[in-house]
Amino acid sequence: MTGPQLFVDAWDPSYGASFEATPGGPVAPSSTQVDTDVELPAVDWRAIGPRSGVAAPDVVLLVDGVRRIDASVWTAEEDGASYPGIAASYAAGVVRCDLERGAAELAGARVGRGLFTASPSAQEVTCGQVRYPVHRVGGTGELSKLPAAVQAPLTALEVAVSDAARTDGDLLVVDGPLRARRQLPRTLGYIKTQHSQYLDARLTAVVTGLGSGQRSPVFRLGTAWGGWSWYLRLPVAVGAPWAGIVRLECSPDLEPQDAVALADLSLVTLPRFASSPYKGPRAPQNLVPIAGLERRLRGMLGDARLLHRALTMASRSGGTR
């Protein structure tokens with residue numbers, strides 16, 4: 001008797017896996033409402049290849065952000081209470097890819113920092129020229145939940161650098177779900193890791209059966225951040241069922257035909273940016289321009305050890321206000 005076929009995920013284990021199953025297993029259904037009869041009736045779902053007459057835009061902007069916790073802190077309140085906090089650095093940048101010239105360049109990048117805590121008395125921390133303004137969080141401010149608070153200012157920074165770099169007719173690709181960026185025109189959310197399985201077994205088989213450079217039909221997710229979505233398989237050697245598969249999103253405010261047009265555009269645009277295993281541990285999903293941007297942004301955050309030391313000295317010398 002032949003046992004199940006085994007695949008080794010091409011991703012470096014330190015980055016997780018390209019498909020992360022829920023505790024119930026890969027077939028555990030999501031509770032999200034899904035409308036699969038958008039581009040094609042569900043009974044007619046099939047792999048879709050590039051359509052004739054669809055050309056990639058001349059300019060593609062790829063935006064990403066990074067974040068890092070520089071130090072964990074605690075406050076001592078006058079009433080004897082104590083609140084945890086984190087001093088965090090984050091950066092966002094955008095790469096402008098001119099497909100007509102075959103050139104890519106950094107079009108803008110910014111760094112932000114902050115002290116994230118629920119403490120009502122916390123003050124800004126200054127370490128020489130480096131400032132950590134207070135970002136007061138709601139609730140009890142448990143330490144485990146504070147890293148998530150960095151996402152909102154990081155997203156705002158991504159939107160700011162994107163707006164400054166945009167031109168007419170470009171395509172903007174943001175790394176991760178759209179969330180608060182759904183209002184941006186001609187914008188795709190690019191999800192590398194598949195945490196949830198939204199489709200039933202038969203439609204999932206269509207997705208895992210995609211060939212390189214093919215996509216699924218467009219469907220609609222009914223989540224709070226819902227919108228139009230589809231799966232796409234990047235160029236990849238034969239491997240695990242989810243190898244090379246990414247999920248794309250676009251604004252729910254678009255008409256269905258406009259969402260389908262963006263899906264077609266993604267299919268002739270994104271595969272050219274796919275990385276190779278020898279270039280990165282998350283190939284092919286971690287697009288080549290994004291990988292380079294991440295390295296640049298992490299360098300802009302500054303030396304973590306020096307910042308930790310400076311924060312320690314500032315706390316001892318009263319470098320808060």
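This is a short talk on one predicted protein model, from its overall make-up down to single residues.

Some ground rules. Numbering starts from 1 along each chain as its sequence is written, and side-chain values use heavy atoms, with hydrogens and water left out. Since the model is predicted, local features need pLDDT of at least 70 and side-chain atom pairs count only at pLDDT 80 or more, while totals for chains, interfaces and linings use all residues.

Confidence next. pLDDT is the predictor's confidence in each residue, from 0 to 100. Its mean here is 85, and 86% of residues reach 70 or more. Residues 3–14 fall below 50; beyond near neighbours in sequence, that stretch has 18 contacts in the model. A contact means heavy atoms within 4.5 Å. Residues 21–27 also stay under 50, with six contacts beyond four places in sequence.

Now the whole protein. We have six helices and 13 strands. These are DSSP runs, numbered from the N terminus: helices are H or I with at least four residues, strands are E with at least two. Of 321 residues, 47% are buried. Buried means under 20% relative accessible area, exposed over 50%, and partly exposed in between, using a 1.4 Å probe and protein chains only. Take the contacts between residues at least 6 apart in sequence: 64% of them join residues at least 24 apart.

On to the cores. A nonpolar core is a set of buried Ala, Val, Leu, Ile, Met, Phe, Trp, Tyr and Cys residues joined through side-chain atoms within 4.5 Å. The largest one has 33 residues. Which residues have the most contacts inside it? They are Leu62, Tyr190, Trp230, Leu234, Leu248 and Leu287. Several elements supply at least two residues each, including strands S2 (59–76) and S3 (82–98) and helices H4 (256–269) and H5 (288–300). H4 gives the most, with seven. Look at Leu287. Leaving out residues up to four places away in sequence, Leu287 touches Leu62, Tyr190, Leu234, Leu270, Phe273 and Ala274. Apart from this core lies another, of 22 residues, among them Val59, Val63, Leu157 and Leu184. As background, nonpolar side chains tend to be buried together in soluble globular proteins.

Helix H3 next, residues 201–208. Its buried residues are Leu203, Thr204, Val206 and Val207. Down the H3 axis they fall within an arc of 150 degrees, so they line one face of the helix. That arc is taken from the directions from the helix axis to the C-beta atoms. What do the buried residues of H3 pack against? They pack against S12 and S13. At the start of H3, a side-chain oxygen of Asp200 comes to within 3.2 Å of the backbone nitrogen of Arg202.

Arg186 lies between S8 and S9. Arg186 is not a glycine, yet it has a positive phi of about 50 degrees. It is partly exposed, at 35% relative accessible area.

Glu124 sits in the loop between S4 (103–117) and S5 (125–127). Is Glu124 buried or exposed? Buried, with a relative accessible area of 10%. Its side chain makes a polar contact of 2.7 Å with that of Arg131. A polar contact is a pair of N or O atoms within 3.5 Å; within protein, one must be able to donate a hydrogen and the other to accept it, and residues adjacent in sequence count only if both atoms are side-chain atoms.

Last, Ser144, in the loop between S7 (134–136) and H1 (146–149). Ser144 is exposed, at 67% relative accessibility. Ser144 and Pro84 are 60 residues apart in sequence, and 9.5 Å apart in space, C-alpha to C-alpha.
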